[in-house]
Amino acid sequence: MGEKKQKPIVLTGMQPTSAIHLGNYLGALKNWVAIQGEADCLFFVSDMHAITVPQDPNQLRKNSIDCTAAYLACGLDPGNSHIFIQSQIIGHAELAWILGCLAPLGQLERMTQFKDKASRQTGEFVGAGLLYYPALMAADILLYNAHLVPVGEDQRQHLELTRDLAEKFNGIYGPLFNVPEPLIRGGCARVMSLQNPTAKMSKSDPNSLATVFLSDTDDQIMKKFRSAVTDSGAEIRASDEKPGIQNLLNILSGVCGKSIPELEANYAGVGYGKFKTTVAEAVIGCVRPIRERMETLKKDSQYLWDVLENGRMEAQARANALMAKVYGRIGFVRRADL
Ligand code: AMP
Ligand code: TRP
């Protein structure tokens with residue numbers, strides 16, 4: 001236990017907005033699994049972030065549980081890491097409010113993701129939660145005094161705000177928060193749509209052939225790769241002029257661990273059709289055991305519940321300890337339960 005305290009605290013999460021796809025796995029989850037042994041890890045399902053855009057309540061609840069099953073199936077180890085659901089912990093919303101009071105409105109309004117998401121809700125209601133989202137994300141991180149936060153490039157701006165808020169709080173109320181560092185993955189981690197390789201693979205792509213989900217059957221995966229969009233050439237080479245082939249090489253490299261130059265050498269002279277099948281087979285080999293574990297886990301709701309309950313208790317204890325200090329610093333009257 002004493003040794004665990006020395007390790008850096010790593011915290012990250014994902015929104016349970018739909019099924020987990022290959023981009024989520026190669027770009028995020030696989031890296032989370034890799035860091036587990038070296039750090040004191042907290043992984044959560046960010047359902048409070050998900051409701052910044054409208055969600056169906058029953059679907060959201062199901063997605064949160066399925067997301068937990070996917071975390072475990074991909075290799076997050078509840079014996080090593082703490083896995084929990086954001087809304088089950090008292091403290092995220094409370095600290096978000098406090099940090100939001102320190103966040104400059106202009107900085108929130110300038111967030112790229114806020115501008116993007118708000119403009120996509122065309123003609124629809126734009127909730128203030130979308131603007132407040134980065135304050136909640138800062139609270140998620142600072143509530144556990146995390147040192148390192150693995151995120152995608154798209155979250156860099158939110159991490160910068162988190163750092164600013166930690167420094168601002170420390171400056172006004174005295175040192176309390178670690179100023180966390182983002183852990184942003186290298187260029188290889190962006191998985192693109194199989195139907196439009198210049199766009200990111202995403203959960204919400206209307207083209208059902210564009211995205212490979214971890215729940216897809218072997219046949220579905222094969223079909224999606226066979227119909228992947230490539231160029232009219234014949235060379236297996238990663239280049240910006242060949243985004244389709246580049247994406248397939250990138251995916252293959254992600255699942256088999258070999259470098260792109262090595263793969264280019266291995267597949268020189270191989271036709272596109274054969275190459276697509278090869279990539280599909282490698283992806284099937286990687287996804288099948290995850291899918292099977294996911295199916296088994298989903299049938300064992302008691303086990304999932306136990307994992308989440310253990311995670312909740314640990315996270316809540318840490319959150320309470322931190323919030324007791326925050327209350328003291330801010331000038332709130334002490335809470336007996338903290
Ligand atoms: P999202 O699905 O956008 O909620 O993202 C959840 C996590 O998966 C984040 O860490 C993203 O950076 C990562 N992610 C999402 N889509 C991709 C993708 N196409 N390629 C690589 N990483 C992705
Ligand atoms: N905003 C992140 C995303 O959409 C998810 C998230 C919420 C998160 N809170 C976080 C990630 C705290 C890291 C740390 O991907």
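**Entry 1. The largest pocket**

I began with the volume of the largest pocket, which comes to about 1,700 Å³. I note here that the model is predicted. I then looked up the lining of this pocket and found 48 residues, with N24, Q113, D154, Q155 and K200 nearest the centre. By class, I recorded 17 nonpolar, 21 polar and 10 charged residues in the lining. I also traced the lining to secondary structure: strand 1, helix 2 (22-35), helix 7 (112-120), helix 8 and strand 4 each supply at least two of its residues.

**Entry 2. Ligand 1**

I asked which space ligand 1 takes. Around ligand 1 I listed 15 residues, and the closest are N24, A189, V191, M201 and K203. Helix 2 provides the largest share of this shell, four residues. Sorted by class, the shell around ligand 1 holds five nonpolar, five polar and five charged residues.

I next looked up polar contacts of ligand 1. The side chain of N24 places an N or O atom 2.9 Å from an oxygen atom of ligand 1. For G23 the contact is through the backbone, where an N or O atom lies 3.1 Å from a nitrogen atom of ligand 1. K203 has a polar side-chain atom 3.3 Å from an oxygen atom of the ligand. I then checked the cover: of the 470 Å² of accessible area that ligand 1 has on its own, the protein covers 84%.

**Entry 3. Ligand 2**

I turned to ligand 2 and found that the space it takes is the largest pocket. The elements that give two or more residues to the shell around ligand 2 are strand 1 (9-14), helix 8 (128-142) and strand 4 (148-151). Helix 8 gives the most, with four residues. I counted 14 residues around ligand 2, with Q15, Y133, M137, D140 and Q155 as the closest. The shell around ligand 2 divides into seven nonpolar, six polar and one charged residues.

Which side chains have polar atoms by a nitrogen atom of ligand 2? For Y133, I found a polar side-chain atom 2.6 Å from a nitrogen atom of the ligand. For D140, an N or O atom of the side chain is 2.7 Å from a nitrogen atom of ligand 2. On the oxygen side, I recorded a distance of 3.1 Å between an oxygen atom of ligand 2 and an N or O atom in the Q15 side chain. The protein covers 89% of the 360 Å² of accessible area that ligand 2 has on its own.

Note on methods. Residues numbered from 1 in each chain as written. Chains lettered and ligands numbered in written order. Predicted model: local features only at pLDDT ≥ 70, side-chain atom pairs only at ≥ 80, totals over all residues. Heavy atoms only, no water. Near = heavy atom within 4 Å. Polar contact = N/O pair within 3.5 Å; in protein donor to acceptor, adjacent residues only side chain to side chain. Areas by Shrake-Rupley, 256 points an atom, 1.4 Å probe, with all protein chains shown as cover. 1 Å grid on protein atoms, 1.4 Å probe; cavity = no way out; pocket = protein on both sides within 12 Å on 5 of 7 lines; lining within 4 Å. Sits in = over half its atoms within 2 Å of the grid points. Nonpolar A, V, L, I, M, F, W, Y, C, P; charged D, E, K, R; others polar. Points joined across faces, edges and corners; volume = space filled by probe spheres on them.
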